[in-house]
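Thank you all for coming.

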Amino acid sequence: MRKNDHLALDGHALTLFLAVLEEGSVTAAAERLDLTQSAVSHALQKLARIVGAPLFVKSGRGIVATAHALRLAGEARGLIDRLEAFARPDAFAPESVELSLVVAANDFQADLLLPAVFHRLSAVAARVELRIIPSGSPSPDLLRERRCDLVISPYPPSGTDILQRKLIEDRYAVFFDPTAREAPQSYEDYMASRHVTVVHTDINRLEFDKRLETAGIARALRIRVASFAGVASFIKGTDMIATLPSLLERGVLRGLRQAPVPLGGALSRDMCVLPLFMAWHLRDQRDPASMFVRQAIIETAQELARPGRARRH
């Protein structure tokens, strides 16, 4: 009978195994997959019998994966990929595909990238439906639980089952109304100005603001808005400034002027760097439709970063 045990393997058991491995807890894996703890434990016991070795052992109040389980993880992911490939049609024809895409992004990424991505996809695919949800501080569960297909974020979620690619690198810049003031010329001028900033609805602040706080530098923050779209109306016609991603100039901050942040010797220029990443789940790595969409996003980002595309002041 032993030789036939492998036929009892199924994708659900492998998915449970990987969830426990990634979460480090039966309880957390059960919550993630919306199952009972007993169902997860039973599936693990069955899988351990099939492979002929324990997969997890107790350690204090928790569990740890055995060396054998760690070696099997890659094989399990490969098997799930092959099962998905088995269930897909042989050929992928973009011109006949109907895409229903959910992307998690805040208003910066949504305004910057996604309209061009939508038009690029629509020019090829038979039909494209795009839904954008707030990314906030993106969690791996957004992808693991299929709440979205992709995350676009400066700081993408991480995990052994989460893949990512850097799309572009932007920098924070000072935005101001040139009819009301000049750009701050020095660090002292910058610090003496009145500032507008963005605090997202999940109370997550901009990375630049966090870096300043860590460095012990406090600006005169007079206005805090929940999205980038709310900034311009407070700056226009005033001497107020905002330190935001420079590429916003092409979207919601169009019409304002931008200038480099005058850091002087107070801060490292690296503090102004803002990378932008795309993240997706491992299960979609080889999916033709996902690959098609990801390539469209990569090409759009490359065009965005092409020299000469940004307006200079």
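I will go through some helices, then the nonpolar cores, and finally the cysteines.

A word first on what we are looking at: this is a predicted model, in which local features need pLDDT of at least 70 and side-chain atom pairs count only at pLDDT 80 or more, while totals for chains, interfaces and linings use all residues. Residues are numbered from 1 along each chain as its sequence is written, and side-chain values use heavy atoms, with hydrogens and water left out.

Let me start with helix α2, residues 26-33; helices here are DSSP runs of H or I with at least four residues, strands are runs of E with at least two, and both are numbered from the N terminus. Its buried residues are V26, A29, A30 and R32, where buried means under 20% relative accessible area, exposed over 50%, and partly exposed in between, with a 1.4 Å probe and protein chains only. Looking down the axis of α2, these buried residues fall within an arc of 160°, so they line one face of the helix; the arc is that of the directions from the helix axis to the C-beta atoms. They are covered by elements including α1 (11-23), α3 (37-51), β2 (62-65) and α7, and contact here means heavy atoms within 4.5 Å. At the start of α2, a side-chain oxygen of S25 reaches to within 3.2 Å of the backbone nitrogen of T27, and just after the helix D34 takes a positive phi of about 60°.

In helix α7, residues 141-144, we find R144. Is R144 buried or exposed? At 15% relative accessibility, R144 counts as buried. Its side chain makes polar contacts with the side chain of E23 at 3.3 Å and with the side chain of D161 at 2.8 Å. A polar contact is a pair of N or O atoms within 3.5 Å; within protein, one must be able to donate a hydrogen and the other to accept it, and residues adjacent in sequence count only if both atoms are side-chain atoms.

Now to helix α6, residues 114-122, whose buried residues are L114, V117 and L121. Seen down the axis of α6, they fall within an arc of 55°, so they line one face of the helix. They pack against β3 (98-104), α5 (107-112), β4 (127-133) and α11 (288-305).

From the side of α11, we can look at T300, which lies in that helix and is buried, with a relative accessible area of 6%. The side chain of T300 reaches the backbone oxygen of A296 at 2.8 Å, and, not counting residues up to four places away in sequence, T300 touches L113, A116, V117 and R120.

Which residues touch the most other members of the largest nonpolar core? Of its 62 residues, they are L99, L121, I152, V231 and L244; such a core is a set of buried Ala, Val, Leu, Ile, Met, Phe, Trp, Tyr and Cys residues joined through side-chain atoms within 4.5 Å. The largest share of this core, 8 residues, comes from α11. Apart from this core lies another, of 21 residues, among them F17, V40, A43 and L55.

Lastly, the cysteines: C148 is buried at 3% relative accessible area, and C272 is buried at 2%. A search of the whole structure finds 0 disulfides, a disulfide being a pair of cysteine sulfur atoms within 2.5 Å.
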